[in-house]
Amino acid sequence: MSYLELQNLTRYFEKKTGWLKNETQIVKAVDGVSLEIQKGEILGLVGESGCGKSTLSRLIMQLLKPTSGSVVLEGERLADLPKHEIRRRRRDFQMIFQDPYASLNPRMTIFSTLAEAILTRHENLANDRDGLERAVSILMERVGLDTRYVRKYPHEFSGGQRQRIAIARALGPEPKLILADEPVSALDVSIQSQILNLLRDLRDDLGLTMIFISHDLSVVRYIADRIAVMEAGKIVEVAESNALFDSPQSEITKVLLQAIPQIR
Amino acid sequence: MPVLEVKDLKTSFYTRDGVVKAVDGISFSVEAGQTVGIVGESGSGKSVACYSLLQLIPQPPGRIEGGTALFDGLDLLSLSETEMRKIRGEKIGLIFQDPMTSLNPYLRISTQLIEPLQIHRGLGKTEALEKAIAELDAVGIPDPHKRIHSYPHEFSGGMRQRVMIAMALITRPEILIADEPTTALDVTIQRQVLDLIKTRQEELGTAVIFITHDLAVVSEVCDYVNVMYAGRFVERADVKTLFSEPKHAYTRALQRSIPAMQTKGERLYTIPGLPPNLSAGVSGCAFAPRCELPTDAPEHAQKSPPLIEVSPSHWVQDCPGCLSFSL
């Protein structure tokens, strides 16, 4: 049985158009997506902007309700669970966003950001200051941050370090599934490699399952075991990442491959 | 004869933590129709260098400490604000990384596009509008007659960047400065925008200064490349030489760290450490702390190493350590 299964997942949005906004146009953002992800796997999800990648990720995270279809995590249909149960389950799946400048609270120190994340899983640490401090230090070391910086604020860090903080925060609740939405797109090429190495190490050490969303195939090829290519709300191709590069089947995959800047 | 000749440009910022020498004596020149790249990591000073040329550095805390930038017989660095205004946006165009923050969200594209024509060329509204529509057409915006009356939010990121390019080129500038113009875009859109800059450049003969952190992009668009590190150029060469015979350790490290260049399964190569803190002042070779030298290699330069010409128009910082080991 696969760890995460998407069964014919669909999400439509209605858009009012026409004079007096009385006509309804339906936008099929995610249109019948079925995917299986094994435990410990890194699945790359690629596509151009507007293809529905982010809507799909929101559906998986239960931040949006699907129009039809379901998300099955370890044999359980998430949509059937009551609200408070989903809230509790959300600790098991965490997100890392593209822009580490926007996704960290500028008024919270690294300590309070990470402590908050840890407390969602270990509520008993709330009255145990030493234990909490230890847990924060372990987390910071885990992602390669100097523990001396624990009292600093996000603006005092560089982009790459901020992304490390965002990753540490995602790891705080000890999730099983990480959904990384363009985690390196906003970073310098030289920093991208550091973050990609870190994500791979985390997968290997913690046995995380990961969905890695990106528009850049060259980055995805390195990190993902399998790659799913998305176009206009549908998955058009799923393949082992090397196989996808060697023999792309769909037109959009070829376009994406050709778009990668090459050193000449 | 170069369109622009920059000599020994120095820009510093006076902050509470000390003087940050963001740009510390760089020289380069651009010929008509040529694309010159400035590559470096964030914080290397590449944007500051170009903003200094247009006097767009906030002064204070910034201060242009020295150097000259000859353009049309004028020294850009010593022009008054009134004189500068005649050059900025007319003779030197500028495209930024984020097209959403560089377009005014309250104004229609038409208002923003015809403004440079009205100000610099004194054209009337109808005439300017006609030119603007033609310009939008040239950058590949479909249905320009209608689209010109849209607001920036009605365009996608790639389309906005096309509008920016149209706006920057509408006065037919001699130089176009492109500051990370594709960093915020999807790879497929990036490809389109790069191609567009290239074709417009060929059609108009504009010189382009291309700022980026992405070496792969550089290799595709630039004729000549300056590699910048800690406020100085560490290596300068034409694009072919730079990629076939990189001399400086930093250039080689940058090339090795591109994810697309590495085989799957292996750990990605990363440059150890961080760029130096410029407010502390850098003595000697700035890359020395991050350079992975074998133990028997020569020492890094103790004093700031000068650029030497190793072969015609291939310059590199003369630091024995950085030049010693090869891949």
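Strand 1 (residues 4-15) of chain B pairs with strand 2 of chain B through ten bridges, in the antiparallel sense. This is a predicted model. The two strands form a hairpin, with two residues between them. For one bridge, look at B:E5: its partner in strand 2 of chain B is B:S29.

Strand 1 of chain B also pairs with strand 4 of chain B. Eight bridges join these two, and they run antiparallel. Here B:L4 has B:F71 of strand 4 as its bridge partner. Strand 4 (residues 62-71) of chain B then pairs with strand 5 of chain B, again in the antiparallel sense, over two bridges.

Strand 7 (residues 175-179) and strand 8 (residues 207-212) of chain B run parallel and are joined by five bridges. Within the pair, B:L176 stands opposite B:V208 of strand 8 of chain B. A helix covers this part of the story too.

Next comes a helix pair. Two packed helices are described by the angle between their axes and the distance between the axes. In chain B, the axes of helix 4 (residues 109-121) and helix 5 (residues 125-138) come within 9 Å and cross at roughly 115°. That makes helix 4 of chain B roughly perpendicular to helix 5 of chain B. The crossing is right-handed. Helix 4 of chain B brings B:S110, B:L113, B:I114, B:L117 and B:Q118 to the contact. Helix 5 of chain B brings B:K125, B:A128, B:L129, B:K131, B:A132 and B:E135. By type, the residues of this contact are six nonpolar, two polar and three charged.

Now turn to chain A. Which residues of helix 3 (residues 110-119) of chain A are buried? They are A:I110, A:T113, A:L114, A:A115, A:A117 and A:I118. An α-helix has 3.6 residues a turn, so residues three or four places apart point the same way. The buried residues of helix 3 of chain A pack against helix 4 (129-142) and helix 5 (159-171) of chain A.

Last, the two chains meet. In this interface, 27 residues of chain A are in contact with 29 residues of chain B. On the chain A side, helix 6 (189-206), helix 7 (217-223), helix 8 (241-246) and helix 9 (251-259) each supply at least two residues. Helix 6 of chain A gives the largest share, seven residues. The side of chain A that touches chain B divides into ten nonpolar, twelve polar and five charged residues.

Key: Residues are numbered from 1 along each chain as its sequence is written. Chains are lettered from A and ligands numbered from 1 in the order in which they are written. This is a predicted model: local features need pLDDT of at least 70, side-chain atom pairs count only at pLDDT 80 or more; totals for chains, interfaces and linings use all residues. A residue is buried if 20 or more other C-beta atoms lie within 10 Å of its own, exposed if 12 or fewer, and partly exposed in between; C-beta atoms are placed from the backbone. Helices (H or I, at least four residues) and strands (E, at least two) are DSSP runs, numbered from the N terminus. Two residues are in contact if their C-beta atoms, placed from the backbone, lie within 7 Å. Two strands pair if DSSP finds at least two bridges between them. Ala, Val, Leu, Ile, Met, Phe, Trp, Tyr, Cys and Pro count as nonpolar, Asp, Glu, Lys and Arg as charged, and the others, Gly among them, as polar. Axes are lines fitted to C-alpha atoms, for helices over the stretch in contact, and angles run from 0 to 180 degrees between N-to-C directions. Angles under 35 degrees count as roughly parallel, over 145 as roughly antiparallel, 65 to 115 as roughly perpendicular and the rest as oblique. A crossing is left-handed if the near helix is turned anticlockwise from the far one by less than a right angle, and right-handed if clockwise.
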